[in-house]
2 protein chains.
Amino acid sequence: MSRRIRTGWWVVLWLVVVVAPAAAAGAADPLPSWRDGPARRAILRFVAAVTRPGSPDFVPRAERIATFDNDGTLMAEKPEYFQLYFIIERIRELAPQHPEWKEQPPFATVLADDGDDLTGLSRADLERLVLASSANLSEKEYVASIERFLDHARNPELGLPFPKTVYKPMLELLDFLRARGFRIFVCSAAGPEMIRGFSEKTYGVPRENVIGSDMQMRYELDGAMPVLMREPNFTPPTNDRGGKPINIDRVVGRSPILAFGNSDGDIEMLEFAAYSGRPHLALLLRHDDAEREFAYDEGAEQALALAPDRGWIVVSMRESFRRVFATPPPRQREAR
Amino acid sequence: MSRRIRTGWWVVLWLVVVVAPAAAAGAADPLPSWRDGPARRAILRFVAAVTRPGSPDFVPRAERIATFDNDGTLMAEKPEYFQLYFIIERIRELAPQHPEWKEQPPFATVLADDGDDLTGLSRADLERLVLASSANLSEKEYVASIERFLDHARNPELGLPFPKTVYKPMLELLDFLRARGFRIFVCSAAGPEMIRGFSEKTYGVPRENVIGSDMQMRYELDGAMPVLMREPNFTPPTNDRGGKPINIDRVVGRSPILAFGNSDGDIEMLEFAAYSGRPHLALLLRHDDAEREFAYDEGAEQALALAPDRGWIVVSMRESFRRVFATPPPRQREAR
């Protein structure tokens with residue numbers, strides 16, 4: 001091979017390995033499932049401002065924290081939170097060991113033939129169901145029961161396994177932020193174990209970046225092998241409303257500069273985006289897409305009312321999402 | 001420039017950029033401050049086994065969690081925990097606002113001229129001092145007071161700023177584990193804010209990888225600006241003994257395969273290294289080096305007694321550490 005040809009190869013290699021990917025990264029649309037509009041523009045403008053060296057709004061990499069609510073923000077939460085289907089399944093699994101439940105509310109309601117409709121249950125009822133299904137067992141057994149559930153359960157309206165009911169535009173946003181040096185935390189009122197069951201595979205978010213409502217635990221030894229027993233009490237504060245900023249501060253030791261929620265439970269987390277004094281962006285996903293997902297403002301009335309005053313960007317699913325799910329739900333495929 | 005010379009340059013560049021660092025990484029000693037011996041060999045053997053693809057002991061990257069106690073494991077804890085010097089300083093700072101403290105134990109003891117000797121205080125006294133110095137103020141004020149303290153305070157025996165009292169061999173171990181895909185968590189009975197004040201700069205450990213004993217907090221708004229108020233109570237469980245595995249599981253969602261401690265407070269964390277069922281390594285640092293650091297077994301008697309039975313490696317500081325501190329303490333420099 002002549003020297004001339006060998007030099008030529010080095011140049012080709014240089015172009016392929018160094019130049020081409022850099023050019024492609026600059027040119028490719030990082031948010032292809034987002035429609036052009038105020039939400040997409042606000043996100044692109046904010047990320048450019050905080051990551052451009054020399055920008056007056058530049059934020060050092062270590063402080064680029066983004067927090068996302070889970071249910072209704074990263075994934076569908078209707079007709080019910082996916083955690084509720086887990087609780088129903090667990091109660092039915094455990095029922096043979098509790099014959100008294102057949103007569104006892106709220107267990108009787110869940111065990112009835114039409115037990116999927118739990119709209120009549122009070123908050124206290126729900127807490128009793130959570131504790132009966134998820135406490136007084138070991139953490140290992142609990143995590144295993146979540147894995148079994150996630151392996152087969154589906155959202156009854158969308159017909160998809162729960163980890164497939166996450167929003168494609170939000171997955172793109174997580175990737176985009178990570179590529180710009182952000183660290184992503186998922187911050188949910190649910191137990192963290194439920195979301196850790198799929199957070200790494202689905203979101204690319206390591207388990208330790210999932211913050212939730214923790215059950216109290218007791219440490220025991222079985223011979224030399226540790227056992228963590230789940231006690232029937234929550235560790236305060238539960239990870240909702242004002243509990244979210246508190247737990248974010250405790251776990252992360254920093255506050256987010258980007259926060260994304262969808263309901264009144266996220267109000268304080270969205271407020272918390274202002275805490276660091278850095279440039280920040282708070283976003284509120286609005287469910288207004290009955291055709292492709294669900295349309296409801298219930299549970300988000302306060303947040304929607306506060307948004308203009310607080311400078312939060314309201315993201316209309318109907319207008320901002322070019323597509324909603326990576327895998328179209330069966331009912332939508334049939335409707336075509 | 002001739003083609004021949006330009007081709008030559010490419011080859012040089014290739015050697016410098018690609019080949020040389022790889023060769024150096026293979027050849028360089030990753031633990032130069034460790035003396036050859038059972039501890040160093042156990043570490044090298046374990047890390048090789050769990051990271052070599054195809055090894056029967058291979059552990060996937062996501063599960064390579066290492067947890068380290070702080071005081072006495074990563075840094076000197078004598079003559080007293082560095083947190084205690086912070087508490088004393090805070091109590092003296094706050095004393096003008098509390099004239100009644102002059103007559104009131106345990107405050108009177110701290111405010112006396114010889115107030116650095118707190119050996120006579122009970123655990124309840126210490127808790128009162130912690131709460132008086134670190135509660136009923138905002139989290140932002142608290143973090144700022146820690147920064148002020150770390151800026152000037154020194155270990156009174158070693159004569160070094162506290163972040164300089166960390167052990168050089170342990171810093172090398174953290175780097176070595178990270179280079180092999182481990183994620184490091186510091187797990188201390190102290191408040192996490194104290195260690196977060198230097199963890200990134202000194203250990204290369206991000207703030208969110210520091211687990212400690214959390215104070216309860218209250219969320220408030222000052223206009224639209226959130227305030228986190230520290231309440232005079234701990235969030236259970238405090239991060240000591242059986243609280244360590246519980247908090248590691250809550251925060252990380254995984255158990256360590258390598259755990260390193262130095263006292264009875266670390267017993268359950270060392271036991272917890274066995275929890276995942278993966279190959280694991282638990283190490284206990286023994287302070288037996290009066291000349292270069294301190295010699296004491298107090299507070300570690302139970303752990304040292306359990307070590308042989310549990311398979312924990314006892315690491316003698318005197319025998320295993322080639323050098324102890326990156327910056328030799330002034331008293332040792334004088335002694336030369």
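Axes here are lines fitted to C-alpha atoms, for helices over the stretch in contact, and angles run from 0 to 180 degrees between N-to-C directions. Helices (H or I, at least four residues) and strands (E, at least two) are DSSP runs, numbered from the N terminus.

This is a predicted model, in which local features need pLDDT of at least 70, side-chain atom pairs count only at pLDDT 80 or more, and totals for chains, interfaces and linings use all residues. Residues are numbered from 1 along each chain as its sequence is written, while chains are lettered from A and ligands numbered from 1 in the order in which they are written.

Confidence comes next. The pLDDT is the predictor's confidence in each residue, from 0 to 100. Chain A averages 92, and 89% of its residues score at least 70. Where pLDDT is low, the predicted coordinates should not be read in detail. For the complex, the predictor gives an ipTM of 0.90 and a pTM of 0.90.

Now look inside chain B. Helix 3 (residues 82–94) of chain B packs against helix 5 (residues 123–134) of chain B at about 60°, and their axes lie 9 Å apart. Angles under 35 degrees count as roughly parallel, over 145 as roughly antiparallel, 65 to 115 as roughly perpendicular and the rest as oblique. Helix 3 and helix 5 of chain B are therefore oblique to each other. Their crossing is left-handed (the near helix is turned anticlockwise from the far one by less than a right angle).

Which residues meet? Two residues are in contact if their C-beta atoms, placed from the backbone, lie within 7 Å. From helix 3 of chain B come Ile87(B), Arg90(B) and Ile91(B); from helix 5 of chain B come Leu129(B), Val130(B), Ala132(B) and Ser133(B). By class, this contact has five nonpolar, one polar and one charged residues. Ala, Val, Leu, Ile, Met, Phe, Trp, Tyr, Cys and Pro count as nonpolar, Asp, Glu, Lys and Arg as charged, and the others, Gly among them, as polar.

Step back to the two chains. Their contact takes 39 residues from chain A and 39 residues from chain B. On the side of chain A that touches chain B, helix 10 of chain A gives the most, with six residues. By class, that side has 19 nonpolar, five polar and 15 charged residues.

How are the copies related? A rotation of 180° with 0.0 Å of shift along its axis superposes chain A on chain B (RMSD 0.0 Å). That is the relation of a two-fold axis.

Conventions. Least-squares fit on C-alpha atoms with pLDDT ≥ 70 in both.
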